[in-house]
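These are my notebook entries on one model, written with the sequence and the structure side by side.

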Amino acid sequence: MTAKAVEVPSILTVRELAELIDASPIEVIKELMSNGIMASINQQIDYDTAALIIAEMGYEPAPVRLAEPEEDEDARVTAAWRRVYEKEAAKDLVSRPAIVAVLGHVDHGKTSLLDVIRHTNVQAGEYGGITQHIGAYQVQHNGQKITFLDTPGHEAFTAMRARGAQGADVAILVVAADDGIMPQTREAIAHAQAAKVPIIVAVNKIDLPSANLERVKQQLAEIGLVPDEWDGDTLVVPVSAKLQAGLEDLLEAIILVTDGMDITANPKAPASGTVLEGELDPRRGVLATLLVQNGTLKVGDVIVAGLACGKIRAMFDERGKRVKQAEPSTPVQVMGLDEVPVAGELFEKAENDRTARAIVQERLVAAEEAAAQPGPAFTLEDAFERFMAGETKELNLIIKSDVQGTLEPITKSLNDLKVSDLKVNILHAETGSITDSDVMLASASDAIILGFQVPVDPAAQRRADSEGVDIRTYNIIYKLIEDVEQALQGMLAPVYEDVRIGMAEVRQVFHIRRVGQVAGSYVRDGEIRRGAKARVVRNRQPLQGDSKISSLKRFEEDVREVRAGFECGIGLDNFNDFQEGDIIECYVTQRVT
């Protein structure tokens with residue numbers, strides 16, 4: 001089957017590109033980021049960039065046919081300007097410093113290693129000292145800058161990916177030489193592998209008498225990170241934060257890995273990047289740590305970061321020194337936002353305050369609409385449908401089991417499953433309950449969480465409900481395997497059930513010409529929603545089958561919903577026999593797992 005042809009102009013915005021291929025702007029932005037291009041929804045891109053994205057999303061790009069010779073002078077000038085712009089945009093791409101995220105188990109010396117690298121570099125360079133620490137910083141090694149993200153482990157790293165931002169170019173995995181691979185280490189590996197970034201392993205605490213470097217290498221090899229000296233492709237660097245040993249080797253390893261990568265950005269583009277941290281300072285107001293990933297951020301720029309916006313009044317580097325601008329891969333702390341932004345959110349430059357506020361308002365409306373229609377963003381039932389639509393070729397899974405003895409046969413059986421070109425990809429498999437970290441990884445990777453005889457932590461369930469992550473728990477192994485196999489075959493049918501969302505008591509009945517009976521009601525619980533299904537209950541017995549709420553009024557005004565504690569007038573299709581004391585139950589049909 002040939003791909004559908006799409007005519008593409010020589011220059012267009014990300015929003016226009018999404019409309020061309022009937023995709024959401026977020027999907028297009030994610031695809032651009034996976035190709036190393038940071039672009040906001042209103043940013044312009046050239047034909048070559050758009051053609052690359054269109055081809056990767058299953059369409060056949062073709063240039064828009066040139067206008068006929070009789071086109072007017074304005075059109076010819078515009079076309080000439082666009083050709084110049086395309087050349088300029090390509091010419092403006094320059095190398096930027098590599099962004100490195102440091103991940104690892106909580107007690108393995110991640111923070112100590114970061115502190116030693118920072119202090120050693122400052123003492124060896126031109127800086128007199130550190131006056132402030134803002135969660136990220138740059139060091140220099142052999143004339144090359146490296147940006148380190150000092151974020152709270154893999155959770156912040158994954159939050160960036162969940163919102164469409166490639167948080168780092170390289171991940172450093174810190175493993176203690178005496179402890180070896182721990183559960184949180186495995187989680188960090190899963191997050192880095194899901195982000196598809198190279199991993200460098202820093203084996204810390206080699207100065208301890210109980211250190212066992214060879215055992216750590218063996219453990220790494222067993223989970224797929226085969227050391228380079230064992231003919232693998234993972235650089236393993238022994239270090240000691242306490243003795244400040246091996247730091248030069250680690251920095252050299254970063255340079256070695258990133259030299260083979262095309263790490264570029266356009267400093268002349270409108271600034272965009274990621275929020276690393278946000279806080280409310282009692283003296284200075286809202287402070288946000290931003291990582292500029294494309295363009296140049298300047299004092300006076302108006303930016304939007306999630307639901308926060310504002311004009312940058314002041315900007316500081318990691319030493320607390322005021323700066324006027326920040327180029328790609330530079331972390332800065334800024335003042336001027338109207339509220340504290342969420343870590344991991346994308347930020348982008350807006351034309352002015354009015355535009356910024358309009359963007360925030362659009363996002364608020366979109367968030368309210370999404371909250372009104374909750375449900376999993378990607379379920380096991382959707383797997384085959386997405387495969388047939390060309391959206392995916394693998395089913396991402398996270399497996400949690402009660403004991404290792406059941407985890408191994410489950411993962412082996414699932415890895416053996418394959419239907420057509422659709423296969424299983426197990427991102428993370430571990431014993432223990434389903435945690436908040438598991439849900440974050442699933443949200444960022446469009447994965448399904450399968451639990452075998454394990455509980456779901458309350459915090460994990462709340463996040464799963466809000467972010468649309470499908471969690472399934474089982475007590476029988478063959479049922480778990482069967483469900484996944486049927487999903488791969490497109491045979492797993494969705495299950496629906498009625499969920500009551502509100503209840504109202506009829507307190508007065510009105511007769512209205514041309515309408516019939518209307519129940520003057522008091523909403524006792526939940527909400528009554530126009531267009532939803534309803535049933536009338538009298539003396540605890542339902543009177544009729546399903547009806548639809550055809551009208552809903554408050555004080556003669558049509559409304560979409562009425563919440564508990566308020567009065568309203570309710571009209572139903574196919575029912576005209578209300579009595580005082582009747583109960584009207586409002587419900588919706590939802591898909592359940």
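Cysteine 586 has a relative accessibility of 0% and therefore counts as buried, a word I use for under 20% relative accessible area, with exposed for over 50% and partly exposed in between (1.4 Å probe, protein chains only). I also looked up cysteine 309, which counts as buried at 8% relative accessibility. Cysteine 586 is in no disulfide, and the nearest cysteine sulfur, that of cysteine 568, is 9.9 Å away. With a disulfide taken as a pair of cysteine sulfur atoms within 2.5 Å, the count comes to zero.

I note the basis of these entries: the model is predicted, local features need pLDDT of at least 70, side-chain atom pairs count only at pLDDT 80 or more, and totals for chains, interfaces and linings use all residues. Residues are numbered from 1 along each chain as its sequence is written, and side-chain values use heavy atoms, with hydrogens and water left out.

**Whole chain**

I found 15 helices and 35 strands in the protein chain, where helices (H or I, at least four residues) and strands (E, at least two) are DSSP runs numbered from the N terminus. Of its 593 residues, 47% count as buried. The accessible surface comes to about 29900 Å², and 48% of that belongs to carbon and sulfur atoms; these areas come from the Shrake-Rupley method with a 1.4 Å probe, and for residues only the protein chains shown count as cover. I then turned to contacts, meaning heavy atoms within 4.5 Å: among those between residues at least 6 apart in sequence, 71% join residues at least 24 apart.

**The seven-stranded sheet**

I traced an open sheet of seven strands in the order β17-β16-β21-β13-β14-β20-β18, with antiparallel pairing; two strands pair if DSSP finds at least two bridges between them. β17 (308–311) and β18 (314–316) stand at the edges with a single partner strand each, so one side of each is left without a neighbour in the sheet. From one strand to the next the twist averages 35°, with axes as lines fitted to C-alpha atoms, for helices over the stretch in contact, and angles running from 0 to 180 degrees between N-to-C directions.

Why is strand β14 largely enclosed by the rest of the structure? Nine of the 10 residues of β14 (residues 285–294) are buried, so the strand is largely enclosed. β14 pairs with β13 (residues 272–281) in the antiparallel sense over nine bridges, and the two form a hairpin with three residues between them. In this pairing glycine 273 stands opposite valine 292 of β14. β14 is also joined to β20 (residues 330–335), antiparallel, by six bridges, where leucine 290 stands opposite valine 332 of β20. Elsewhere in the sheet, four bridges join β16 (residues 302–305) to β21 (residues 346–350), again antiparallel, and alanine 305 stands opposite phenylalanine 347 of β21.

β6 (residues 98–104) and β9 (residues 170–176) run parallel and are joined by five bridges, with alanine 101 opposite alanine 171 of β9.

**Helices**

The buried residues of α7 include Glu187, Ile189 and His191. Lysine 196, which follows α7, has a positive phi near 60°.

For α3 (residues 47–56), I listed Tyr47, Thr49, Ala50, Ala51, Ile53 and Ile54 as buried. Their cover includes β1 (5–8), α1 (14–20) and α2 (25–34). Just after α3, glycine 58 takes a positive phi of about 90°.

Last, I looked up aspartate 438, which is found in helix α13 (residues 436–445) and is buried, with a relative accessible area of 1%. Not counting residues up to four places away in sequence, aspartate 438 touches Ile398, Lys400, His428, Ser433 and Ile449.
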